[in-house]
Amino acid sequence: MKIDLTETTSSKINQALVAARRAIGTPAIGMVLTLVIVTDEENAYDALKSAGDASREHPSRIIAVIKRVSRSARSRRDARLDAEVRVGSDAGTGETVVLRLHGELVNHAQSVVLPLLLPDAPVVVWWPQDAPSDPAKDPLGALAQRRITDAYAAEHPGSELAVRADSYNPGDTDLAWTRITPWRSMLAAALDQQHVEVVSATVEGESENPSCELLAMWLADRLQVPVERTVSAGPGLTAVRMETKNGVIVLDRPDGSLATLSMQGQPDRAVALKRRDTAELLAEELRRLDPDNTYEASVKFGVAKLGGRPEPKPAEAGAEAAPAPATAKKSAAKKAASK
């Protein structure tokens, strides 16, 4: 069921939600959180589809905030709110409210969203692209317990990681980090099987993919060994090689779907390691609302400390800084156990 509201208010939107629930025979609210999506008209469809798919696991009230920038000075002065309310089969397993803000209202989105939040339920804000430099200080981000960005969607992903590190606040996370969860799980499991000391590592992946840098920084931070970042043709992450005193541990995924895990003294094993879509990534992030300390430590480690590929300077797009690889070494088994 869809209800279109033109030149409306937050109060009328809430009334429409109640009326729509009654009309389809579900007056009770069974949603566990409010997901606020801050996007533009171009990317709204894909973002809402991903959020709707993720709501099958996390029934949510989805609020899409679309800021319609006015072209003329007169239009910018005229504040107007248009909304679309979706419930039932048109809104996944929860409710969806699409807000289109015009004129001066664009600068006061939090005033419109606040009355629409579910009472006594967590709030998550997601920027599919064009995230603010400091999500926690953004007016909408300040309403949330969890703030999700995506460095991969930035114009300069390498510089974006530095911005995320500088502005990190508990509750911040990034989908570039979520993408490497299966890789981190497989590498930690491999080190649990072989209690050996890792002396160096190499992360290989396509250029301008911040997930590769994050995985390299995670390895360098947890193992305290030199980690080199090298570039391949992709797709995405293609390989991780860890040099140990007993041989090489290799996790190789050349096709973006099936990986091969090779370890000294053991036969090669095929591992399903497909590239996941946005809905799966979003569903994973909605499972936890507490601060991700591992992400914090990894993103703050710094791309400049990796060997191989220099880090772009945040202040100057395309500029490069000289790498300074980490040198300390510790037991891989001990660090993997504390992951």
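The legends below describe close-up views of a predicted model. Residues are numbered from 1 along each chain as its sequence is written, and side-chain values use heavy atoms, without hydrogens and water. Local features need pLDDT of at least 70 and side-chain atom pairs pLDDT 80 or more, while totals for chains, interfaces and linings use all residues.

**View 1. Confidence along the chain.** Mean pLDDT (the predictor's confidence in each residue, from 0 to 100) is 85 for the chain, and 86% of residues reach 70 or more. Over residues 310-339 the pLDDT is below 50.

View 2. Leu-117 is in the loop between α4 (109-113) and β6. Its relative accessibility is 15%, so Leu-117 counts as buried (under 20% relative accessible area, 1.4 Å probe, protein chains only; exposed is over 50%, partly exposed in between). Contacts (heavy atoms within 4.5 Å) beyond four places in sequence include Thr-34, Arg-61 and Leu-143.

**View 3. The pair Trp-177 and Tyr-295.** The two rings are 5.6 Å apart, centre to centre, with 55° between the planes, a tilted aromatic pair (ring centres of Phe, Tyr or Trp, its six-membered ring, within 6.5 Å; stacked under 30 degrees, edge-to-face over 60, the rest tilted). Trp-177 lies in helix α6 and Tyr-295 in helix α10, so the pair ties together parts 118 residues apart in sequence. Both residues are buried.

How values were computed:
Helices (H or I, at least four residues) and strands (E, at least two) are DSSP runs, numbered from the N terminus.
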